[in-house]
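Subject: Structure for your review

Dear colleague,

Please find below the structure that I am handing over to you. My findings follow directly after it, arranged by topic.

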Amino acid sequence: MTKEKVQSLITEHFTKAVQKDRKIHNAYLLIHSEKLGIHLNMAEGSTGNRSADAQQPYFIASIGKLFTSVLIGILVEKGMISYEDKITQFLDNNLLHNLHVYKEKDYTNKIKIKHLLNHTSGLHDYFDDKPKQGKSMTDILFDEPSRFWTPQETIQWSKEHLKSHFPPGKGFHYSDTGYHVLGLIIEKITSTPFHEALRHYIFQSLRMNHSYLIHYSESMVKSDYPVADLYSGNTNVTQYRSLSIDYAGGGIVATSEDLLKFMKALATHEIIREDTFEKMKDWAKFSIGIDYGYGLMNFRTIPLLMPKKYNVWGNAGSVGSFMFYHPAMDIYLIGNLNQFRYAQKGIRLMFKMIDILSKNKTVLQTASMM
């Protein structure tokens with residue numbers, strides 16, 4: 001086995017995985033490791049009237065929550081906010097009124113910044129929670145594709161149609177609603193729109209030239225490629241204005257190379273200090289073998305279920321997007337399947353890449369030293 005053969009195995013598996021799934025119209029995969037001397041940036045399928053290109057920007061979905069969390073971390077380091085601060089310090093009463101009512105008691109004044117970051121606030125989730133009456137938000141987004149959703153409108157809809165789940169700090173419930181609240185708090189603290197705060201504190205700092213917040217801003221450098229087509233089933237939803245609803249919970253468009261810049265800066269403590277990153281590891285149980293910190297997913301070892309070789313941290317999105325770092329092998333794994341409800345398939349693709357890389361680690365290490 002040679003390094004070239006290993007890279008060929010990765011490429012072949014990626015290509016076959018995409019081609020055999022009729023719902024995947026285009027897909028992206030970047031694998032980078034300085035330790036193993038490997039950098040593969042690939043694309044498969046088509047988007048628009050052209051072949052998918054590895055330099056193409058795409059919707060990153062809930063990976064964006066890690067950007068929101070890092071932005072909060074930057075503001076914490078600047079002394080502008082604390083993880084222990086209550087959200088009532090920053091937002092007006094109209095927005096906060098009946099935000100978190102559980103068993104007829106209002107817990108809004110008990111919610112802290114940290115609760116929003118690791119989904120322990122007990123707040124509803126406008127994406128996945130179902131209202132007792134009327135359409136779900138997902139149905140509304142696809143039925144009204146031209147509607148622009150402000151974060152305030154989204155939070156108001158959530159308050160009117162959804163129920164909270166538990167008092168702050170007493171459980172785990174994934175909440176995009178909570179990340180909208182964080183976005184508005186960032187706007188209040190910085191006195192700038194969320195998309196401008198992203199650009200100023202992260203995109204410009206890391207030279208993420210092709211990253212921006214969809215329906216709010218544009219990239220610093222115009223890409224030679226259109227945004228990759230995003231699908232829900234066989235419906236192309238790329239131009240749906242209703243996707244503005246993602247906002248601080250997942251509205252970023254970026255390239256694989258830009259996401260690599262971000263992850264390297266996070267792993268090497270360039271964008272935030274090591275002690276701040278350690279605070280982000282305030283883990284809550286997301287599911288079996290997966291913990292969730294401040295915008296941070298962590299795969300941990302579970303005997304027979306989650307082998308140690310899959311110990312990675314980062315984040316993933318519902319469209320099959322993933323952005324993780326494997327500390328033991330010093331590997332960055334970034335990709336996207338651009339299909340709604342494909343989160344698990346994106347993770348499985350990443351795990352398969354880890355299988356190939358771990359099996360051939362010695363070959364790659366030897367080649368990198370020659």
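Asp176 counts as buried because its relative accessibility is 4%, under the 20% limit. Please note that this is a predicted model. Asp176 belongs to helix 7, which covers residues 176-190. Beyond its neighbours within four places in sequence, Asp176 is in contact with Ser62, Lys65, Asp125, Tyr126, Phe127 and Gly249. One of these contacts, Lys65, also lies over the face of Tyr179, at 5.6 Å from the ring centre.

Ile155 lies in helix 6, residues 151-161. With a relative accessibility of 0%, Ile155 counts as buried too. Its contacts, again leaving aside neighbours within four places in sequence, are Leu95, Leu99, Thr177, His180, Val181 and Leu184. By way of contrast, the C-alpha atoms of Ile155 and His13 are separated by 42 Å, and these two residues are 142 residues apart along the chain.

The largest pocket holds about 970 Å³ of space. Its lining consists of 38 residues, of which Asp128, Phe286, Gly317, Ser318 and Ala343 are the closest to its centre. Several elements each supply at least two residues of this lining: helix 5 (137-143), strand 11 (284-287), strand 13 (297-299), strand 14 (313-316) and helix 11 (343-359). The largest share, five residues, comes from helix 11. By residue class, the lining of the largest pocket divides into 20 nonpolar, eleven polar and seven charged residues.

The second largest pocket has a volume of about 440 Å³. Among the 20 residues that line the second largest pocket, Pro57, Tyr212, Tyr225, Pro226 and Val227 are the closest to its centre. Here the lining comprises seven nonpolar, nine polar and four charged residues.

**Aromatic pairs and charges over rings**

The model contains 22 aromatic pairs. In one of them, the ring centres of Tyr83 and Tyr294 are 4.8 Å apart and the planes stand at 45°, so the pair is tilted. Tyr83 is found in the loop between helix 2 (64-77) and helix 3 (93-96), and Tyr294 in the loop between strand 12 (290-292) and strand 13; the pair therefore ties together parts that are 211 residues apart in sequence. Tyr83 and Tyr294 are both buried.

A further tilted pair is formed by Phe194 and Tyr247, at 5.3 Å centre to centre and with 55° between the planes. Since Phe194 lies in helix 8 (residues 194-206) and Tyr247 in the loop between strand 9 (235-236) and strand 10 (252-254), this pair ties together parts that are 53 residues apart in sequence. Phe194 and Tyr247 are likewise both buried. Together with Phe148 and Tyr216, these two residues form one aromatic cluster.

Finally, a charged side chain sits over a tryptophan: Arg147 lies over the face of Trp149, at 3.7 Å from the ring centre.

With kind regards

Technical notes. Residues are numbered from 1 along each chain as its sequence is written. This is a predicted model: local features need pLDDT of at least 70, side-chain atom pairs count only at pLDDT 80 or more; totals for chains, interfaces and linings use all residues. Side-chain values use heavy atoms; hydrogens and water are left out. On a 1 Å grid over the protein atoms alone, a cavity is a set of points where a 1.4 Å probe fits but cannot get out, and a pocket is an open set with protein on both sides within 12 Å along at least five of seven lines; lining residues have an atom within 4 Å of a point. Grid points are joined across faces, edges and corners, and a volume is the space filled by probe spheres set on the points. Helices (H or I, at least four residues) and strands (E, at least two) are DSSP runs, numbered from the N terminus. Ala, Val, Leu, Ile, Met, Phe, Trp, Tyr, Cys and Pro count as nonpolar, Asp, Glu, Lys and Arg as charged, and the others, Gly among them, as polar. Rings of Phe, Tyr and Trp (its six-membered ring) pair if their centres lie within 6.5 Å; planes under 30 degrees apart count as stacked, over 60 as edge-to-face and the rest as tilted. Buried means under 20% relative accessible area, exposed over 50%, partly exposed in between (1.4 Å probe, protein chains only). A charge sits over a ring if NZ of Lys or CZ of Arg is within 6 Å of the ring centre and within 35 degrees of the ring normal. Contact means heavy atoms within 4.5 Å.
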